[in-house]
Each structure stands twice: as structure tokens, then as C-alpha cells.
Amino acid sequence: MSENSLSEHRFPCDQCGADFRFDPQNSQLICDHCGNKGEMTQAGPWEGGLKELDFQAALADLLPSQEIEETKVTKCDSCGAQVEMDEATHAAECPFCATPVVTGTGTHRHIKPKGVLPFALEEKQARDAMTAWLGKLWFAPNGLQEYARKGRRMEGIYVPYWTFDADTKSKYVGQRGTVYYETRTVMRDGEAKQEQVQKVRWTPAAGRVKRFFDDVLVLASKALPKKYTDALEPWDLAAMEPYAPEFLAGFRAEAYTVELDEGFDQARAHMDRVIERDVRFDIGGDRQRVHKIDTEVKDVTFKHVLLPVWMAAYKYRGKSYRFVVNGRTGRVQGERPWSAWKITIAVLIGLIVAGAIGYGIALSEGAV
């Protein structure tokens, strides 16, 4: 990527001049016009694999210039997505919310991606997965299901994420609870009875735990609801490749809108939850109370990475419905639409069945 926006993501076929696209099935470039195949040959200036970057240097704006780039993006005024678009495209729908947008010349200065998890599913496979998922939603409007089944292409988008590594050491103070039982005598119905009463004996506890966090994943987009992208996990990050522009041929890429420091705050919240779990395990016993945890975080590094998502955004009766498919596994998530008339019919059927059962019971009791 460069200041020429998506032009470097377009790779002309050396036989017919049409655009190559990345073929997920064979991990190569292919021309849909003439069938010619191209190899993944271009390497970026960030050779050396999936190298981590120093977090503090990035916050101080001290990263080497080759790690920074500017791209032209189109910002959707409806959902806030910043999506790179082909220079030849002058108007389009936002792939995140189906709102019409007109391409502009806005620029986004950002840290270059270090890694990319390539698409493994073709568009048809993703659409089949989404259609099957919609088919299981009985209360979804028929019109929406039919609209989705008409074969409208889904958008393949690389969604931005941060990954963070960190070495942590934590000191804690708390209490360990040991459960024991006492026997006591109680009066019930005029009789003395014995029962076991649970008690907890608390003793002071203090100690240290340490953990190295590797590739804590944080969504760097605000255009998609986090609950949907979280539900697309797990991602096979072990299959991630060093970034190469060819992987983006035929796809779009969203620019990150969650800045690095905000992303680390989210990663740190995840780390703190894991550290508290470690502390409770270290305290042991039957119960635990954690009064204080002091954590030292060192050697924080990060990567900007791109993960593959097939996406469909449909406008139906004035409302946008978004569906996302993991471009590796085919896992589907989305906004669940509801059909008022289907719900009404279900309620009426339920009332009729309940009434019939009640009537049958009344007849049988009358016969008796």
C-alpha cells in the first residue's frame, strides 16, 4: 500500500490486462477473465517475518518511517467505517451497513500491517454458510431470507486487528477460604434434630504470579459490533503470513479506527482478568478473596494484522442487517431479524393448542 491508495492492490494479468485476484483455494493469483495464474512474488519492505514492533516507540511516534504509510480511504458517515476503495470506483455502498457512499480523497496515516491471515473460503462458500444460517432462523422475515438468497455477492474484507505481547509479574494480597462444617441442634415440629452448617475459615494469603501474554487479539474497527466479531473466534493465528499486497488482490481492507493506545487498554483489561484467575488459582483453597494486585508490565510489543471476513449488509424495509462470516472457518454471526407476523402466528398457535388441551382436560374431568 502507498499514497496511491488501492492501485497497488490491483495486479494486471500479464496475458489479458484484467485484474488478478487472490484465490483462497490455491493460495495464488488468478485472472477470472482468461484463467491465467500468477505467483505470490512481491515482498514488502518489512521482510523478516512477523516481527513485533515496540509499543513505547510507537506511542512516542518513533517508529521507523518504513513502518508508516498513508492510504486514501472512504469514510461512511453512517457507521464510521473507513474503507479503501478502488480509484476507478466513484460511488458504492458501504460494505458494513449498505449505506450509499461517494468515494472521496480522505487519507489515513497509519502503521502498516505486519501480518495477514489469508482468505481460505471462496465467496460462494461464505454465501452458502450465511444462507444456511438464515434458514435456521424461523422468525426471520421471508423477504429478507429471499433477498439474501438471490445471489448478491458478499464483500471480502480484511478487518484490522491489533495483537499485543507482554511480560507480566504480579504481587497480590488476599485470603484463602477453607470450608468446614459444624453440627448444631435445631427444633423442628417439636423435635430436636441435628444439621450440618457450612462455615468458611479465612487465612491471609500473599504471593507472586507471572505470565507472558502472546498475541492478545483486539479488534481495531468500530464499524462492526464487537459481539459479532468476538463470536467469529477462534482465529488460526498460527497460519498468519507476513503481509504481502497480493493477498489483498480482489478484496478490500478497512483502515483501523481504534488507535494503538486504546487497543492496548482493551488488551490490558483482558490481561488483568487472566492475571486475577491466576491469582485465585495460586491462592488455592475452597474460596478466594483478592484484595490487591500490583502488576508490572514489561517488554510490550504489538502488530497490526488483517483478518479475513466475508460480509453482507442488506437494507430491508429501511433497516440495515449485517452478517459476517469467518473467512477461514465459515462461522456465521449477524443481527437477528424478527418477523412480527411469524411471531403473532406462533403465539396464536400456542394459544389454540393450550386452549385445546384445556378443553380436553375439562371434558375428561366432566366425564369423571
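Pro 234 sits in the loop between helix H4 (226-231) and strand S13 (241-242). A cis peptide bond joins Glu 233 to Pro 234, with omega about 10°. This is a predicted model: local features need pLDDT of at least 70, side-chain atom pairs count only at pLDDT 80 or more, and totals for chains, interfaces and linings use all residues. Residues are numbered from 1 along each chain as its sequence is written, and side-chain values use heavy atoms, with hydrogens and water left out. Helices (H or I, at least four residues) and strands (E, at least two) are DSSP runs, numbered from the N terminus.

**Backbone**

- Most residues other than glycine have a negative phi, and most peptide bonds are trans.
- Asp 61 has a positive phi, near 60°. Its place is the loop between H1 and strand S5 (68-75).
- Asp 61 is exposed, at 56% relative accessible area. Buried means under 20% relative accessible area, exposed over 50%, and partly exposed in between (1.4 Å probe, protein chains only).
- Asp 189 also has a positive phi, near 55°. Asp 189 is in the loop between S11 and S12, and is exposed with a relative accessible area of 79%.

**Aromatic pairs**

- The whole structure contains 12 aromatic pairs. Rings of Phe, Tyr and Trp (its six-membered ring) pair if their centres lie within 6.5 Å; planes under 30 degrees apart count as stacked, over 60 as edge-to-face and the rest as tilted.
- Phe 55 and Phe 164 pair edge-to-face, at 6.1 Å centre to centre and 80° between the planes. Phe 55 lies in helix H1 (residues 55-59) and Phe 164 in strand S11, so the pair ties together parts 109 residues apart in sequence.
- Both Phe 55 and Phe 164 are buried.
- Ring pairs also link Phe 119, Tyr 158, Phe 251 and Trp 310 into a cluster.

**Salt bridges**

- The structure holds 17 salt bridges. Each is a side-chain nitrogen of Lys or Arg within 4 Å of a carboxyl oxygen of Asp or Glu.
- Asp 128 bridges to Lys 124, with the closest N and O atoms 2.9 Å apart. Both lie in helix H2 (residues 123-135), 4 residues apart, about one turn of the helix.
- Asp 128 is partly exposed at 39%, whereas Lys 124 is exposed at 53%.
- Lys 222 and Glu 262 meet in a salt bridge of 3.8 Å, N to O. This pair links distant parts of the chain: Lys 222 is in the loop between S12 and H4, and Glu 262 is in helix H5 (residues 260-283), 40 residues apart.
- Lys 222 is exposed, at 51%; Glu 262 is partly exposed, at 31%.
- Asp 294 and Lys 292 form a salt bridge at 3.8 Å, N to O. Asp 294 is partly exposed at 37%, and Lys 292 is partly exposed at 48%.
- Salt bridges that share partners join Arg 21, Asp 32 and Glu 122 into one network.

**Positive patch**

- Lys 169, Lys 171, Arg 208, Lys 210 and Lys 298 gather in a surface patch of positive charge. Patches take residues with over 30% relative accessible area and no salt bridge; like charges are joined within 9 Å, and nonpolar side chains (Val, Leu, Ile, Met, Phe, Trp, Tyr) within 5 Å.
- Strands S11 (155-188) and S12 (191-219) each supply at least two residues of the patch.
- Lys 298 is in strand S15 (residues 287-316). Lys 298 is partly exposed, with a relative accessible area of 39%.

Technical notes: Accessible areas come from the Shrake-Rupley method with a 1.4 Å probe; for residues, only the protein chains shown count as cover. Lys and Arg count as positive and Asp and Glu as negative; His and the chain ends are not counted. The place of a charge is taken as NZ of Lys, CZ of Arg, CG of Asp or CD of Glu.
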